[in-house]
Amino acid sequence: MKTTPKSWDDPWKPEYKGRVGITNMNSTLGTAFMVELAKTRGGGENDIEPAFAALKELQPNLGAVAPNPGALATLFQQGQIDISPGNFNAIQILRARGVPVEFAKPKTGTIAFLTTAHITKNSPNAKLAAALIESAMAPEVQTKLMQAPFYVIPTNSKVQMDGDIARMIAKDQEELKASFVFHDWSVINQNRAGWIERFNKEIKV
């Protein structure tokens, strides 16, 4: 690829005929991609229809519909696809294995999901659970997790962005907040089961 993709419209270009990969909507990645796709075409969490219409137009370019992001990574390794939505750390792991891939940020922002840690009610190990969460949030731990082979984007403001994350995602927390795109999963989850069923029936290679 001579030109880095910069838009969600790029996979529809004729040069990617048969070379585009996506995941189904059972995955967080697949659902987030569909919502963001809908947003670029006038829809969103409350109106996924534009995304389904867009995927029908993408049909000639689709090379694979993977069941999950892990399978999508395998398709890149096997040379079966050239472009797809993807998780940053999964792409970095492929790069570390020598697969010639690169993460590209859409000009409209990078889709992100919030991962949270909780202690269950009446847990017999509440203190241990709290200690684990405190450890995971510690700057020294997040600094380690930011490096290979994990590539976890740090959330602690005391952690200085470094390596590929600083190069490709954000140089600091302020840039991170400004560049990320979050979706309303409270709305998404009300409709997601129906979306998944429809996707599995309609979207095939």
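**Exercise 1. Determine which way the side chains of β1 point, and identify the partner of this strand.**

Step 1. Val20 and Ile22 point one way from β1, while Gly21 and Thr23 point the other way. In a regular strand, side chains alternate between the two faces of the sheet.

Step 2. All four of these β1 residues are buried, where buried denotes a relative accessible area under 20%, exposed one over 50%, and partly exposed a value in between (1.4 Å probe, protein chains only).

Step 3. β1 (20-23) pairs in the parallel sense with β2 (residues 62-66) over 4 bridges. Strands (E, at least two residues) and helices (H or I, at least four) are DSSP runs numbered from the N terminus, and two strands pair if DSSP finds at least two bridges between them.

Step 4. Within this pairing, isoleucine 22 stands opposite valine 65 in β2.

The model is predicted: local features need pLDDT of at least 70 and side-chain atom pairs count only at pLDDT 80 or more, whereas totals for chains, interfaces and linings use all residues. Residues are numbered from 1 along each chain as its sequence is written, and side-chain values use heavy atoms, with hydrogens and water left out.

**Exercise 2. State how many aromatic pairs the structure holds, and classify the pair of tryptophan 8 and phenylalanine 33.**

Step 1. The structure holds 3 aromatic pairs. Rings of Phe, Tyr and Trp (its six-membered ring) pair if their centres lie within 6.5 Å; planes under 30 degrees apart count as stacked, over 60 as edge-to-face and the rest as tilted.

Step 2. Tryptophan 8 and phenylalanine 33 have ring centres 5.5 Å apart and planes at 55°, so this pair is tilted.

Step 3. The pair links distant parts of the chain, 25 residues apart: tryptophan 8 belongs to the segment before β1, and phenylalanine 33 to helix α1 (residues 28-40). Both residues are buried.

Step 4. For phenylalanine 180 and phenylalanine 182, the ring centres are 6.0 Å apart and the planes lie at 85°, so that pair is edge-to-face. Phenylalanine 180 is buried at 18% relative accessibility, whereas phenylalanine 182 is partly exposed at 41%.

**Exercise 3. Locate the arginine residues placed over aromatic rings.**

Step 1. The criterion is that CZ of Arg or NZ of Lys is within 6 Å of the ring centre and within 35 degrees of the ring normal.

Step 2. Arginine 41 lies over the face of tryptophan 12, at 4.8 Å from the ring centre. The charged end of arginine 198 sits over the ring of phenylalanine 52, 4.0 Å from its centre.

**Exercise 4. Examine the backbone at asparagine 122, proline 149 and tyrosine 151.**

Step 1. Asparagine 122, in the loop between β3 (110-111) and α5 (126-137), has a positive phi near 60° without being a glycine. Asparagine 122 is exposed, with a relative accessible area of 70%.

Step 2. Alanine 148 and proline 149 are joined by a cis peptide bond, with omega about 5°. Proline 149 is in the loop between α6 (139-145) and α7 (163-168).

Step 3. Tyrosine 151 also lies in the loop between α6 and α7, and this non-glycine residue has a positive phi of about 55°. Tyrosine 151 is buried, with a relative accessible area of 12%.
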